[in-house]
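The following exercises concern one protein model. Each task is followed by a solution worked in steps.

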Amino acid sequence: MSTGRLQFVTAAASPLRGRIRVPGDKSISHRAIMFASLADGVSRITGFLEGEDTLATAALFHAAAVEIYAPSAGERVVHGVGIDGLRGTDATLDCGNAGTAMRLLAGLLAAQPFDSTLTGDVSLSKRPMRRVIEPLASMGARIDAEGGLPPLHLRSGQRLLAIDYTLPVASAQVKSALLLAGLYAEGETIVREPHPTRDYTESMLRQFGVVIDYAPGHATLRGGQRLRACDIDVPADFSSAAFFLVAASIIPGSDLVLEAVGMNPRRTGLLATLRDMGADIRVEREAMQGGESVADLRVRHARLHGIEVPVTRVPDMIDEFPALFVAATAAEGDTIVRGAAELRVKESDRLATMSAALRALGARIDETDDGATVYGGTALTGGRVHAHGDHRIAMSSAIAGQLASAAVIIDDCDNVATSFPGFVELTTSIGFGLTARHIG
Ligand code: S3P
């Protein structure tokens, strides 16, 4: 097993207090770079996530002949080359840890007049790509991938035809890949979902002037359209805010405000779940920012109790289960999760890795094929856990460590930088007991 060199070490927290703004939304930042690159004209992005995943996407477009400037942190000025202006490169395109980059680019690059090869890191190289390759192939794309895993070899010069496709699993990444390919396809591409997923591709394409018809559960667009440059203001990432919603809920004496958090309903399932568990979270100062609703979230410590998470809510909190498991451990009673098999194919097998991490600290969890039962109310001990290179496992374990009776050592935390640069600095500024050290 390859192990990164960054290690976190926790100490008991002080009550979490203050007002903070977590980094920009990862999903929106990826798409903003992609669509601005494809647009005619100059777009300005603010609130951009300076994380390794989104920096990788920006570097890939730069390699495809798009000029991208960074006048200040969180700001990008993108000189779009137009839908037909990307240039091929002989170099392999490295998506790093980013599944969003690889899957969306599979759709976009399948339609280009040049060959491309997409690779990723150890974690991404294990993630299933057939879900995107098969529907793209039925549009006429030629993508080779041994065993359905990266690297993806995309063959140029294919004529794409629109399809009407129903996704077998709810996936915003696959939906987005098909819509991007659909921009280059002859006819009208229709994507239907078993459960609605985040609609950033649809809403942002519309902001870039594309005519797209969408509602929860389906999207339709006609090929041959061009994108018109526009400015994108990226809200704070709900998935990064999620760690603090959990931490402040379970650390006694906490009273914390998270500013300008993106509140897209396809992302905020954890908010509803924590409230069902008894959390004290208020939504304040609701506003619209760049076509997305945002709000300040005020969270205070509360006594949580276990619940059964509604299966229909799972896709709306798919990235938040590692953090939920920590809340469930601190809650009174049992929390039951079902219908979440997708967690097994994220940056790690999150049902396995999060269960193992919490068990190493004395928690009681039974894993099932598609979920888990977390038996709450166990006092956590110190111990050593492995994040398996998964940013959300590392950060969730750091929260668990705030309640542990002794230090928790968390190995393999390097990838926290993929989605949450400055995690240690921000958390310690409001009361976390957390240090990071490089080993080896
Ligand atoms: C994402 C979609 C989700 C999510 C991922 C980001 C996106 O994956 O887990 O972190 O930006 O479209 P799915 O494609 O499985 O929905």
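Contact means heavy atoms within 4.5 Å. Axes are lines fitted to C-alpha atoms, for helices over the stretch in contact, with angles from 0 to 180 degrees between N-to-C directions. Helices (H or I, at least four residues) and strands (E, at least two) are DSSP runs, numbered from the N terminus. The model is predicted: local features need pLDDT of at least 70, side-chain atom pairs count only at pLDDT 80 or more, and totals for chains, interfaces and linings use all residues. Residues are numbered from 1 along each chain as its sequence is written, and side-chain values use heavy atoms, with hydrogens and water left out.

**Exercise 1. The sheet and its helix**

Determine the strand order of the open sheet of 4 strands, and state which helix lies across β1, β22, β23 and β24.

Solution. 
- Step 1: Two strands pair if DSSP finds at least two bridges between them. The order is β22-β23-β1-β24, and the pairing is mixed.
- Step 2: β22 and β24 (433-438) each pair on one side only and are thus the edge strands.
- Step 3: On average, neighbouring strands of this sheet are turned by 20° against each other, direction ignored.
- Step 4: β1 (residues 6-11) and β23 (residues 408-411) run antiparallel and are joined by 2 bridges. Here V9 stands opposite I409 in β23.
- Step 5: The helix across these strands is α11, which runs at about 20° to β1.

**Exercise 2. Helix α10**

Explain why helix α10 (residues 350-359) is described as largely enclosed by the rest of the structure.

Solution. 
- Step 1: Buried means under 20% relative accessible area, exposed over 50%, and partly exposed in between (1.4 Å probe, protein chains only).
- Step 2: The buried residues of α10 are R350, L351, T353, M354, S355, A357 and L358.
- Step 3: Because 7 of the 10 residues are buried, α10 is largely enclosed.
- Step 4: The cover over these residues includes α9 (321-330), β20 (364-368), β21 (371-375), β22 (383-386) and α11 (391-403).
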